[in-house]
Amino acid sequence: MNPRKTFLAVSLTWTVVATVALVAPLVLLRDRLPDPVATHFTGAGVPDGSMSHAVFPLVVLPGWLLAAAFGVVGGAVGKRRAQRAGSAALLAATAVFFGSLVLSTVGANLDHVDWRDARLPLWHVLVVLLASAAAGGVGWLLGNRGPDEGDAGPAPQSGELDLAPGQRAVWVSSVTSPVLVVTGSAVLVVGVVVAALGSWQAALPELFAGVVVTALSTARVRVDERGVHTTFGPQRFPTRRIRLEQISSAGVARHRALAVGGWGYRVLPATTAIMLRGGECLVLRLTSGRDFVISVDKPERGAELVNALLAERSAM
């Protein structure tokens with residue numbers, strides 16, 4: 001069966017089963033739960049909010065069904081294995097997340113007459129997050145099967161440098177995001193104005209956000225025999241290194257920021273992007289099937305060097 005059809009059948013079945021599982025505890029244990037049930041807790045585990053039995057599922061289900069719709073459609077439409085893997089991870093993680101929330105809520109309220117008597121230990125939150133992350137990882141592994149479809153096309157290709165035996169080359173380029181520079185500067189100005197008016201406490205969030213956005217508004221990309229290394233800002237942090245053995249090919253393609261989720265560091269089902277401006281980008285096709293897109297000035301030479309290093313590595 002076509003991998004996309006298989007994914008569609010499995011993901012739809014999973015969506016139905018998960019939806020029933022979300023509602024089942026509230027229906028089966030209805031007689032052992034107070035009405036309303038405690039649905040919001042303080043950091044100490046004491047309830048400070050409640051909902052009726054009828055309303056609680058209407059709050060939980062839309063979030064799950066919206067995530068499920070994205071996952072099912074994204075995986076069924078996508079022609080690449082990485083898209084199916086990302087969608088499967090989304091479906092698994094969100095189902096376990098919402099399911100864990102329901103189970104924790106039911107467990108905290110179980111056999112209490114009044115919702116105010118319910119208690120939710122803080123460790124439940126950690127369990128929910130860990131279980132969701134683990135489910136996402138399992139979903140990725142299960143979805144990361146089957147070939148890419150032929151019409152998905154290879155990664156955009158570029159030329160290849162001729163490296164003499166033993167010759168070493170390094171390519172370095174950088175990029176600045178006008179959008180992030182303007183945004184960061186504007187937020188800093190707001191923070192300074194608020195501080196000048198005499199409220200340093202109110203100005204701290206704006207000052208902090210302005211510094212962070214400004215620090216991430218530039219990036220530097222280096223290609224050498226170890227791989228592709230990207231750092232942000234003059235502080236050269238955070239960093240992202242892609243080892244040469246993780247790359248199958250390199251090329252150049254034109255991308256718009258909004259097409260990869262916006263400006264900054266973006267992760268989509270089949271693509272990860274460091275996008276500081278639209279236009280020509282260095283595109284790395286990874287051995288996992290994903291694309292890693294980096295908006296950087298004059299990416300052609302960087303792609304050529306990556307391909308030359310890959311050719312040299314395969315010849316060894």
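Guide: Two packed helices are described by the angle between their axes and the distance between the axes. In this structure, which is a predicted model, the axes of helix H5 (residues 178-196) and helix H6 (residues 200-215) come within 8 Å and cross at roughly 160°. Because angles over 145 degrees count as roughly antiparallel, H5 and H6 are roughly antiparallel to each other, and their crossing is left-handed.

Visitor: Which residues of H5 and H6 meet, and how do they divide by class?

Guide: On the H5 side the contact includes Leu180, Val187, Leu188 and Val194, while Trp200, Glu206, Leu207 and Val213 are among the residues that H6 contributes. By class, the contact of H5 with H6 has 14 nonpolar, six polar and one charged residues.

Visitor: How do the axes of H3 and H4 cross?

Guide: The axes of H3 and helix H4 (residues 123-143) come within 7 Å and cross at roughly 155°, an angle that therefore makes H3 and H4 roughly antiparallel to each other. The crossing of H3 and H4 is right-handed, and their contact has 13 nonpolar, eight polar and two charged residues.

Visitor: Where is Ser100 found, and is Ser100 buried or exposed?

Guide: Ser100 is found in helix H3 and, with a relative accessible area of 14%, Ser100 is buried, because the cut-off for that word is under 20%. Leaving aside residues up to four places away in sequence, Ser100 touches Val128 and Ala131.

Visitor: How many residues of H3 are buried, and what follows H3?

Guide: Of the 29 residues of H3, 21 are buried, so this helix is largely enclosed by the rest of the structure. From its first C-alpha to its last, H3 reaches 42 Å, close to the 42 Å expected at 1.5 Å a residue. H3 is followed by Asp111, whose phi is positive, near 65°.

Visitor: How should I read the length and the buried residues of H2?

Guide: For the length, the 23 residues of helix H2 (residues 55-77) should span 33 Å at 1.5 Å a residue, and the end C-alpha atoms of H2 are 34 Å apart, which agrees. In H2 the buried residues include Phe56, Val60, Trp64, Ala67, Gly71 and Gly75. The buried residues of H2 pack against helix H1 (3-28), strand S1 (37-41), strand S2 (47-51) and helix H3 (81-109).

Note on methods: Residues are numbered from 1 along each chain as its sequence is written. This is a predicted model: local features need pLDDT of at least 70, side-chain atom pairs count only at pLDDT 80 or more; totals for chains, interfaces and linings use all residues. Side-chain values use heavy atoms; hydrogens and water are left out. Helices (H or I, at least four residues) and strands (E, at least two) are DSSP runs, numbered from the N terminus. The expected span of a helix is 1.5 Å times one less than its number of residues. Buried means under 20% relative accessible area, exposed over 50%, partly exposed in between (1.4 Å probe, protein chains only). Contact means heavy atoms within 4.5 Å. Axes are lines fitted to C-alpha atoms, for helices over the stretch in contact, and angles run from 0 to 180 degrees between N-to-C directions. Angles under 35 degrees count as roughly parallel, over 145 as roughly antiparallel, 65 to 115 as roughly perpendicular and the rest as oblique. A crossing is left-handed if the near helix is turned anticlockwise from the far one by less than a right angle, and right-handed if clockwise. Ala, Val, Leu, Ile, Met, Phe, Trp, Tyr, Cys and Pro count as nonpolar, Asp, Glu, Lys and Arg as charged, and the others, Gly among them, as polar.
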